[in-house]
Amino acid sequence: MSSSSTNFVGSPASLPPEIAHIVAIWTEVLLYGIYSCLFFEAAYIMLRKRKENIRSARVFLITTFIMYITSTAHIIVGLYRMLQAYVWQVEPPAFYFMDFRLWDTIAHNAMLCIMTWLGDFLVIYRCWVIWNYNYWVIILPTILLTLEFGVNTMLLIWFTHFGMASGEAVLSWMATIYPLVFAQNIITTGLIAFKIWTQHRSSAANGVIDASSRLSLMRILRIIIESAAIYTFQLLVLLILYPMQHNAQFIVQSAVIPSIGIVFVLIAVRVHLTKSKTFFSTTPIGHPSWFEDESFTHSAPSASASSSRTAPVDGEKYEGDVVPSVDNLFQRV
């Protein structure tokens with residue numbers, strides 16, 4: 001065990017690493033169970049009701065399956081590591097979990113990186129689609145994701161080739177990961193939220209919705225989930241815990257993987273449950289559209305009332321004076 005590896009373990013006074021790691025594993029197992037239930041139901045709905053002509057839906061479908069496979073592999077390796085450390089006692093847990101000479105430590109961290117990259121990619125992709133495929137909007141988030149990819153890859157190489165860099169240099173580069181991911185998610189979440197808000201105001205101004213109406217709690221919850229604010233909050237917690245060298249960061253870090261999957265499975269389910277043919281279709285108040293079924297589908301306004309500004313949902317872009325409502329803006333994803 002190299003001395004540099006022990007530097008990654010926080011002070012036992014904050015939270016004993018042995019406890020932190022075992023709690024982290026079972027936290028991930030709990031969230032993975034929730035993720036699996038949602039995923040299999042989502043997979044059934046997506047495969048049964050898929051819309052082949054929506055490009056973005058295909059992207060979410062494929063990426064969602066890759067994310068679940070990655071999360072499953074991560075939980076398997078995590079349980080193997082738990083047996084190694086606590087049952088077979090290959091090494092003391094505090095040292096074993098940070099021993100980067102072991103294949104399972106590298107694999108465990110690599111899968112965390114892959115899951116994070118996939119989640120960040122989907123957030124950026126969603127932002128790009130919502131902003132009508134405007135590349136200028138996602139330039140900065142894409143740069144941040146590229147930097148994140150580069151730093152993570154470099155660290156994984158260093159971890160497998162001790163001596164290429166000093167422990168201080170590795171720790172310094174590690175300190176840049178969470179700020180990069182957090183900044184990227186803050187920007188994309190802000191852009192998505194801003195687009196929702198401006199579209200809501202535009203729809204109200206054009207008489208599509210009642211300007212005095214209020215969003216229900218479920219609609220607010222949908223905005224939070226779909227703009228990845230929950231994931232961003234977890235990153236904020238990690239951003240605080242890492243400089244403190246608090247071992248609770250391992251618990252939050254393990255919770256990130258299934259949480260990313262849960263958020264995007266819900267998004268993917270809603271995408272594949274989209275049934276409306278116009279931008280002005282309606283949904284029941286307080287009923288999230290990802291749980292829609294045929295019984296909740298409402299007819300669109302008459303052509304005479306909306307023909308001047310409606311457009312097919314399956315179209316990849318809207319132009320001219322087409323003004324989709326807040327709900328239908330998300331149906332394009």
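I count a contact when heavy atoms lie within 4.5 Å. This is a predicted model, so I ask for pLDDT of at least 70 for local features and 80 or more for side-chain atom pairs, while totals for chains, interfaces and linings use all residues. Residues are numbered from 1 along each chain as its sequence is written, and side-chain values use heavy atoms, with hydrogens and water left out.

**Entry: Leu102**
I looked up Leu102 and found it in the loop between helix H4 (93-96) and H5. Helices here are DSSP runs (H or I, at least four residues) and strands are E runs of at least two, numbered from the N terminus. Leaving out residues up to four places away in sequence, Leu102 touches Glu91 and Tyr96. I also checked Thr160: it is 58 residues from Leu102 in sequence, and the C-alpha atoms are 9.0 Å apart. My cut-offs are under 20% relative accessible area for buried, over 50% for exposed, and partly exposed in between (1.4 Å probe, protein chains only).

Thr105 lies in helix H5. Its relative accessible area is 0%, so Thr105 is buried. Beyond residues up to four places away in sequence, Thr105 touches Arg81, Tyr96, Phe97, Asp99 and Phe100. Next I took Gly78, in helix H3. Gly78 counts as buried because its relative accessibility is 4%. With the same exclusion of residues up to four places away, Gly78 touches Ile25 and His108. Gly78 and Thr105 are 27 residues apart in sequence, with C-alpha atoms 9.1 Å apart in space.

**Entry: salt bridges**
How many salt bridges are there? I count two, taking a side-chain nitrogen of Lys or Arg within 4 Å of a carboxyl oxygen of Asp or Glu. Side chains of opposite charge can pair when their charged atoms come close. Asp99 has a relative accessible area of 2%, so Asp99 is buried.

**Entry: cavities**
I found four cavities of 30 Å³ or more. On a 1 Å grid over the protein atoms alone, a cavity is a set of points where a 1.4 Å probe fits but cannot get out, and lining residues have an atom within 4 Å of a point. Points are joined across faces, edges and corners, and the volume is the space filled by probe spheres set on them. The largest cavity holds about 690 Å³. Which residues lie nearest its centre? They are Asn109, Leu112, Met174, Tyr178 and Gln253, out of 38 lining residues. Elements giving two or more residues to this lining include helix H2 (17-48), helix H3 (55-87) and helix H5 (103-130).

**Entry: whole chain**
The protein has 13 helices and zero strands. Buried residues make up 53% of its 333 residues. Of contacts between residues at least 6 apart in sequence, 78% join residues at least 24 apart.

Notes
1 Å grid on protein atoms, 1.4 Å probe; cavity = no way out; pocket = protein on both sides within 12 Å on 5 of 7 lines; lining within 4 Å.
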